[in-house]
Amino acid sequence: MVTVVMSVYNGTRYLTEQLDSLRLQTVSPDRVLIADDCSTDESFDLIVKYIEEHGLDNWTINKNRSNFGWRKSFKRLLDLASIDDGIVFPCDQDDIWELDKIAVMSSILEKDPSIEVLSCAVEPFYESGGKKVTVYGAVDDSKPLDDLETPVFDSKFMSVRRPGCSYAVKSSFIREIMPYWQDDFAHDGMLWRFSLLKGTLRLLNQPLIRFRRHDSNATEMRHIDKKSRVAEIMMCLRFSEVLEEYCSSNPGDYRITSSHIEHYGSVLNARLHLLVGGLKISDLGTILKYRKYELSNRSLLGDFKALISPCDSK
């Protein structure tokens, strides 16, 4: 069973191109599950009409009872899709899949039982207004296209190197991690970090998706005010806690990974103290000691900027 899941919100501008690239796959999905997150444009009607015009009886679209936001919406879709054994492909509303994406990735997953999450490379392209940003997951020209990398769980374990739309996931894995999944956890972070923790993540160097960058990409809408940074740190703390809970609740030697999680938590707590309680030498010492656990060198500078900004809300 191959299932594609897509959460949609106000996507009329690009939806048809994405839907076409799904419909024309060389290996068709057994089902496509689409959730409209209470769009205020014509997204829902466009998809209903598209399904009817092309006779896609195995495609379904439902409207969420309220605007859940993309994180909760994707979580619900993946939970639903994982009821049946098979492979699940998360899909964004604004990209374009290569026509052999399902065929290539399904074949790799079916042949190798040790892989639970497979991520392909992406080929970014920019629409008018799309901000030029570093896109993780582009092709590594120094490696063959069929190269399969096995990333390791290290100090950068929280850094998600490829977008969720590039993933193919075994449904049994989704069922396994669902008890640890909180509504505000992004699906790419959940799938990446837990499979990284288990050693079941593989990165395919072949680009199988055209990754559209434009002025309304959800992953590019960042806030740097104090309140938002505190909320993000609190979320990361909760995420590290569920990873540690998994380590302590499942068989296996997770001593090294637990050490990384513990040190990362120490940095988060120090950053939180910095933002909420002001600068303390002990907190600064912790941040400097475990500096490699920061996602980027800009994190600490951003904390200081948010701390001294006179416009921050409390």
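# A buried cysteine and what surrounds it

Cysteine 91 is buried, with a relative accessible area of 0%; buried means under 20% relative accessible area, exposed over 50%, and partly exposed in between, using a 1.4 Å probe and protein chains only. This is a predicted model, in which local features need pLDDT of at least 70 and side-chain atom pairs count only at pLDDT 80 or more, while totals for chains, interfaces and linings use all residues. Residues are numbered from 1 along each chain as its sequence is written, and side-chain values use heavy atoms, with hydrogens and water left out.

**Overall picture**

- The protein has 314 residues, and 49% of them count as buried.
- Its secondary structure comes to 10 helices and nine strands; helices (H or I, at least four residues) and strands (E, at least two) are DSSP runs, numbered from the N terminus.
- Among contacts between residues at least 6 apart in sequence, 81% join residues at least 24 apart, where contact means heavy atoms within 4.5 Å.

**Cysteines**

- How many disulfides does the structure hold? There are zero disulfides, a disulfide being counted as a pair of cysteine sulfur atoms within 2.5 Å.
- The closest cysteine sulfur to that of cysteine 91 belongs to cysteine 165 and is 7.8 Å away, too far for a bond.
- Cysteine 120 is also buried, at 0% relative accessibility, and its sulfur is 7.7 Å from the closest cysteine sulfur, again in cysteine 165, which is too far for a bond.

**Nonpolar cores**

- A nonpolar core here is a set of buried Ala, Val, Leu, Ile, Met, Phe, Trp, Tyr and Cys residues joined through side-chain atoms within 4.5 Å.
- The largest nonpolar core has 47 residues, and Val5, Phe157, Trp181, Leu191, Phe194 and Phe239 touch the most other members.
- Elements that each supply at least two residues of this core include strand E2 (31–36), helix H3 (70–81), helix H6 (187–198) and helix H7 (226–249).
- H7 gives this core its largest share, nine residues.
- Apart from it lies another core, of 34 residues, with Leu15, Cys120, Cys165 and Ala168 among them.
- Setting aside residues up to four places away in sequence, phenylalanine 157 touches Trp192, Arg193, Leu196, Leu243, His260, Ile261 and Tyr264.
- As general background, nonpolar side chains tend to be buried together in soluble globular proteins.

**Helix packing**

- H6 and H7 have axes that come within 11 Å and cross at roughly 35 degrees; axes are lines fitted to C-alpha atoms, for helices over the stretch in contact, and angles run from 0 to 180 degrees between N-to-C directions.
- The H6 and H7 crossing is right-handed: a crossing is right-handed if the near helix is turned clockwise from the far one by less than a right angle, and left-handed if anticlockwise.
- On the H6 side the contact uses Gly189, Met190, Arg193, Phe194, Leu197 and Lys198, and on the H7 side Phe239, Val242, Leu243, Tyr246 and Cys247.
- By class, the H6 with H7 contact has eight nonpolar, one polar and two charged residues; Ala, Val, Leu, Ile, Met, Phe, Trp, Tyr, Cys and Pro count as nonpolar, Asp, Glu, Lys and Arg as charged, and the others, Gly among them, as polar.
- Helix H8 (residues 255–277) and helix H9 (residues 281–289) pack at an angle of about 140 degrees, and their axes are 9 Å apart.
- H8 passes H9 in a left-handed crossing, where Ser266, Val267, Ala270, Arg271, His273 and Leu274 in H8 meet Asp283, Thr286 and Ile287 in H9.
- The contact of H8 with H9 has four nonpolar, three polar and two charged residues by class.

- Is lysine 75 buried or exposed? Lysine 75 lies in helix H3 and is buried, with a relative accessible area of 15%.
- Beyond its neighbours within four places in sequence, lysine 75 is in contact with Met178, Trp181, Gln182 and Asp183.
- Aspartate 37 sits in the loop between E2 and helix H2 (43–53) and counts as buried at 2% relative accessibility.
- Aspartate 37 and tryptophan 70 are 33 residues apart along the chain, and their C-alpha atoms are separated by 7.6 Å.
- Not counting residues up to four places away in sequence, the residues that aspartate 37 touches include Val8, Tyr9, Asn64, Trp70 and Ser73.
- Isoleucine 61, in strand E3 (residues 59–63), counts as buried at 13% relative accessibility.
- Leaving aside neighbours within four places in sequence, isoleucine 61 is in contact with Ile34, Asp36, Phe44, Ile47, Val48 and Ile51.
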